[in-house]
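Please keep the sequence and the 3D view side by side as you read.

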Amino acid sequence: MEEQKPLIEINNLVKRFGQFTALNGVSLKIYPGEVHALLGDNGAGKSTLIKVLSGVHHPSAGEIKIEGEKVNFLSPKDSSEAGIGTVYQDLALNPLTTVTRNFFLGREVIKGFRLFGLMDFKKMNQITTNEMAKIGIDIKNPNQPVGTMSGGQRQTLAIARAIYFGAKILILDEPTSALGQKQQMEVLKTIKKVQKLGNIAIILITHNEIHARLIADRFTFLSLGEVIGQGEAADLEGEDIKRLMAGGAEIGDLEKELAFQ
Amino acid sequence: MKNSTINKKEIDKFSKIAEDWWNPEGKFKPLHKFNPTRIKYIKDKILNHFKILNKEKPFKNLSILDIGCGGGLLSEPISRLGANITGIDASEKNINAAKIHAKQNNLKINYFCNSPENFKTDKKFDVILNMEIVEHVEDVDFFIRKSSELLKKNGLMFVATLNRTLKSYIFAIVGAEYVLRWLPIGTHEWNKFITPKELTDLDLAREYIDTLPSARPVADFFGGDILEPLFEWLYFTADWNVNMFGNQFAPGIYSCVLVWALLALVCYFVLSKTQAGNWIYSTGGNLSAAKANGVPTNKVKISLFIFSAFCATLVAATQVFEVNTADTAKGTLKELEAIAAAVIGGVILTGGFGTVLGIVLGTIIFGISKEAFFYIPGIDGSFYRVFLGVVIVSAALANENIRKRIIGSG
């Protein structure tokens, strides 16, 4: 893996909100075909990191390189044009309309004039069905409302959409939270399928260490805006993960404190 | 400069059907139907212009020239009103048909096969009728100029023609020739129709011209009735559309229904087939999702507000052109009626779900229900407002339930 070039490289990223430092020198390298789990407690800075990567926030210091080139995002549009596809928790879907309409929302395939030209439903249905099938969900009817799909299927729809519209780096924000057991497994399978496509780097933000262990190739642990541990899946022990998840050294201090009581 | 108003093709067209002139069920049926209207108009205008008080033979002492007289459909009734009438037509066959019919009816009318530029006469006319003729002549400007030369000073010239509007295309060409087959296909050529403005813009003609009241395209589109020929047919031929006294029950449908239907069609197309429609649905269904996918949600919302203002203007226009007065209170409660019609049609109040077909049906149901309240004995008609309130309140209460049902529990 080391001989490969990272798809995205983050060096010493700092983000301050006034007095408060949300990210204090975070560095990351993510390779194509790799699932990189980003773990950490609430307030560790995961959300801030995603928002910086997706162009919502502007970093205070540090640099982001995509395929070796330094980038500077001024808006979410810049980020998505650079190939970063962010799938937020709410998935940005409209449950009241069909799968196809959601898949192409904002980027409809039209014949004739923009805006008032006819949408090419035949082509759009076909693409939707194909793209969903590529990552493992066989939808019978692309004209069913998204509301009738399971949570896992919706997640898949959002991921397929991001990939089809050119995402090379896929950021998944807590994709398994708020889902039932069975659907969580479905989503993990989908992520595995995307990983197998080989050319997409996935950043998986999660609370769930078990899920992370199942599919991640590499881990980064964040605590209070700093990286407190990093490593490949094979090198990390289960205990390490638990300790780092809980906030690293602090848990050791707490253990000592509790022992004296 | 052309020196003839005769269009050979047009003459041949009418010569072919000349023997049919006086058959009320024949090729000229629409003209027979229209005849009483135009005669009344001509009569009123002439009485007014010449300040005639004689009710017995009002046109006595008037010399009238009927250009393009055809089979004499107009010349004969005018003659009966006492006028000294001359009819000219460029088709020999038309003139023969007219002469025969006048003789049978013992009327003294001077018919000549001629056109205004060649017509030699020692005295000029008080009134010239150019009825439904200018759309068939070769050079309108020349035609009007030559006709004018035959008119006395302070005389009166009538020019009637089909206005070149969308409506005339739909009814006179598509309707009368292709669908109902009242007239042989090709009787009228739409691009030869003349608009009132073109007619009054002919310099020489300006002072002589008086156009028929039907030449008001905007007012005609928004006000008055549509489908009158269909309702006539229903009354005269099919024997439906008859009230208890044996008279015609309804003369047609309000024009605003046509406006409404066209608008619904446009909305259906935009909402369900176009990119704009997808943006509208998503802006209503999940605002943040629409934004995240690059839909300009603020522009969508502003455009929709503008469009609803435009629709309100259309309603106002139909009201004003229908009753010829503006009532500022006319729109009161209409906004609630619109909401009620939409929710009956299956639109959910929080947005993002509903169809145009649903709203069309909802509107019809609401409209019928509203009218029905006037026929419930013992209560006032305005009680429909209670119905309105009940519909809106129950829609608000049921909204979340319906929404959940559509999007599933997941």
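Helices (H or I, at least four residues) and strands (E, at least two) are DSSP runs, numbered from the N terminus. The model is predicted, and local features need pLDDT of at least 70, side-chain atom pairs count only at pLDDT 80 or more, while totals for chains, interfaces and linings use all residues. Residues are numbered from 1 along each chain as its sequence is written, and chains are lettered from A and ligands numbered from 1 in the order in which they are written.

Among the buried residues of α6(A) are V187(A), L188(A), I191(A) and V194(A), but also Q184(A), E186(A) and Q195(A). Just after the helix, G198(A) takes a positive phi of about 90°.

We now turn to the sheet. Six strands of chain A form an open sheet in the order β6-β9-β10-β3-β11-β12, with mixed pairing; two strands pair if DSSP finds at least two bridges between them. Because β6 (84-87) and β12 (226-232) of chain A stand at the edges with a single partner strand each, one side of each is left without a neighbour in the sheet. Strands β9 (169-173) and β10 (201-206) of chain A run parallel and are joined by 5 bridges, and within this pair L172(A) stands opposite L204(A). Helix α6 (181-197) of chain A packs on the sheet, touching β3 (35-40), β9 and β10 of chain A, and its direction makes about 155° with that of β10(A). Helix α5 (151-164) of chain A lies across β6 and β9 of chain A, running at about 165° to β6(A); axes here are lines fitted to C-alpha atoms, for helices over the stretch in contact, and angles run from 0 to 180 degrees between N-to-C directions.

Which residues touch the most other members of the largest nonpolar core? Of its 72 residues, they are I169(A), L170(A), I171(A), L172(A), I202(A), I203(A) and L204(A), a core being a set of buried Ala, Val, Leu, Ile, Met, Phe, Trp, Tyr and Cys residues joined through C-beta atoms within 7 Å. The largest share of this core, 6 residues, comes from α5(A). Leaving aside neighbours within four places in sequence, L170(A) is in contact (C-beta atoms, placed from the backbone, within 7 Å) with residues including G85(A), I159(A), V194(A) and I202(A).

Finally, the contact between the chains takes 23 residues from chain B and 23 residues from chain A. On the side of chain B that touches chain A, α11(B) gives the most, with 6 residues. By class, that side of chain B has 10 nonpolar, 12 polar and 1 charged residues, where Ala, Val, Leu, Ile, Met, Phe, Trp, Tyr, Cys and Pro count as nonpolar, Asp, Glu, Lys and Arg as charged, and the others, Gly among them, as polar.

Conventions
Two residues are in contact if their C-beta atoms, placed from the backbone, lie within 7 Å. A residue is buried if 20 or more other C-beta atoms lie within 10 Å of its own, exposed if 12 or fewer, and partly exposed in between; C-beta atoms are placed from the backbone.
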